[in-house]
Amino acid sequence: MSGIVVTLKPERKMIEGSLSYLRHRGSKTRVLKTRGEASMGAVVSNAFDENMIVFEGTRESVVFDGILRNFPGEVWPRRILELYKENRSGFLNELDGSFAFAIDTDDETFVARDPLGLKPLYYGRCNGGIAFASELKALTPFCSDVQVFPPGHFFSSNEGFSEYSSLEDLLTERQVKSEEEAAKHLRTSLERAVDNRMTAVKSEPIVFLSGGLDSSCIAAVASKLNGSLKTFTVGSEEGKDPAFAKEVSRYLGTDHREYTYDFKEMLEVLPDVIYHLESFDPPLVRSAIPNYIVSKMAAEEDSSFVLMGEGADELFAGYEYMKELPSAESVDEESLRITKNGYLSGFQRNDRMALAFGIEFDVPFMDPNVVDLAFSIPVDWKIHGPEKTEKWILRKAFENDLPESVVWRKKSKFSVGSGSSHIMKEYAEEAISDSEFERERQNNGIRSKEELLYYRIFDEQFPCRGAADTVYRS
């Protein structure tokens, strides 16, 4: 919904320069008064009033990026400050939401990120001090080294970095007695998650509807709760997603928008996609291209808040390779691993592509109650039967709410369904010679010509030590 920048020791002019690289995340920038060694600033959201982003008092200030769902009707920066005064870092586990924020007082500068990393945050060493920002691009022009601020951690100017929570801390020993009970609880939990987000944001929601199961489930719930719903989908001429999305839209009665792009447009937006995405990982870039185009389309209709279906594949064993893992235990371990790494992959794509156009996003599947329930459901209810149907329990939960052809549609990656998967790979094979690849592949362990194509663009945009190390390699 916004972006934040915090510096300790670097000159105040860095705040203004750093914020200028984040203007796309909202409607305007705000620099707070300097107090001591700390300076703070924020980009004000398109979806929220300024007082939901910034609080500036005489002796304390707060900059906030995120959504807090357990404090409806309250001004989040003020509430955070009150909780901090009462219990210092102990208050962090009271927050239900996605967030990255900073508090500055006479005694301490305090910075924190949510346990799942749904809101982005980086830090860098700059001119003998340390700086924090929502995106890499806001630090690389000023810092000698940059790193990812780890989820579930806080930074204190008095104590340094500390971990306060993790994905494992969100999980309980909940018992689910039957498939029917699991499906019922799953549907109810997702409905509650969507409702909580719509209540917290108080902005007309939209859904990026791929026509796959995950986004269709979100659309089914949101359209029921909201009464009306805009849905958006994009794809190339050979992509299968638009046809399925249109079928879901007709079934649910949504106000649907569709756009078809071609290879020329993919190449035109590629530098902007990599700049905003801050990654050169091929699968992530491929899926980000349609994500970028659909976000642009939604922004042109003044949308400010989107619900996405990200996270269901991680929670409900939706990836094809998971069917070949040797045991249920190994599937659970892999689900835990890829969910924990989501902040470096899918959630990063969600944030950067939507916020490239100032659109706030949320992912209801990552609601703590949905996550806890998902890890309580036996693996053989996720990968089910001799056919090894992936996400079976999610399909059962929504089989009466969506067209049968969509509920039981076989999983395909977003980049495959939208049509952006093989095109970029084929282009890279032709554009980069074998000799070029052999000469440059040693740079940061480049693994393919497609990755080299993306890396060249990334390296030119982010020529800072450590920038490439922030990129997750799938």
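The disulfide and its surroundings

Modeller: A disulfide joins C126 to C143, with an S to S distance of 1.8 Å; the term means a pair of cysteine sulfur atoms within 2.5 Å. By this rule the count comes to 1 disulfide. C126 lies in strand 8 (residues 122-126) and C143 in the loop between strand 9 (129-133) and strand 10 (145-148), so the pair ties together parts that are 17 residues apart in sequence. Strands are DSSP runs of E, at least two residues, numbered from the N terminus. The link of C126 and C143 is right-handed, with 45° about the S-S bond.

The model is predicted: local features need pLDDT of at least 70, side-chain atom pairs count only at pLDDT 80 or more, and totals for chains, interfaces and linings use all residues. Residues are numbered from 1 along each chain as its sequence is written, and side-chain values use heavy atoms, leaving out hydrogens and water.

C126 is buried at a relative accessible area of 0%, and C143 is buried at 7%. Buried means under 20% relative accessible area, exposed over 50%, and partly exposed in between (1.4 Å probe, protein chains only). C464 is in no disulfide; its nearest cysteine sulfur, that of C143, is 6.6 Å away. C464 is also buried, with a relative accessible area of 10%.

Now the core. A nonpolar core is a set of buried Ala, Val, Leu, Ile, Met, Phe, Trp, Tyr and Cys residues joined through side-chain atoms within 4.5 Å. The largest has 154 residues, of which F91, F101, F316 and F365 touch the most other members. A second, separate core of 6 residues includes A317, M322, V379 and I383.

Technical notes:
Helix = DSSP H or I, 4+ residues; strand = E, 2+ residues; numbered from the N terminus.
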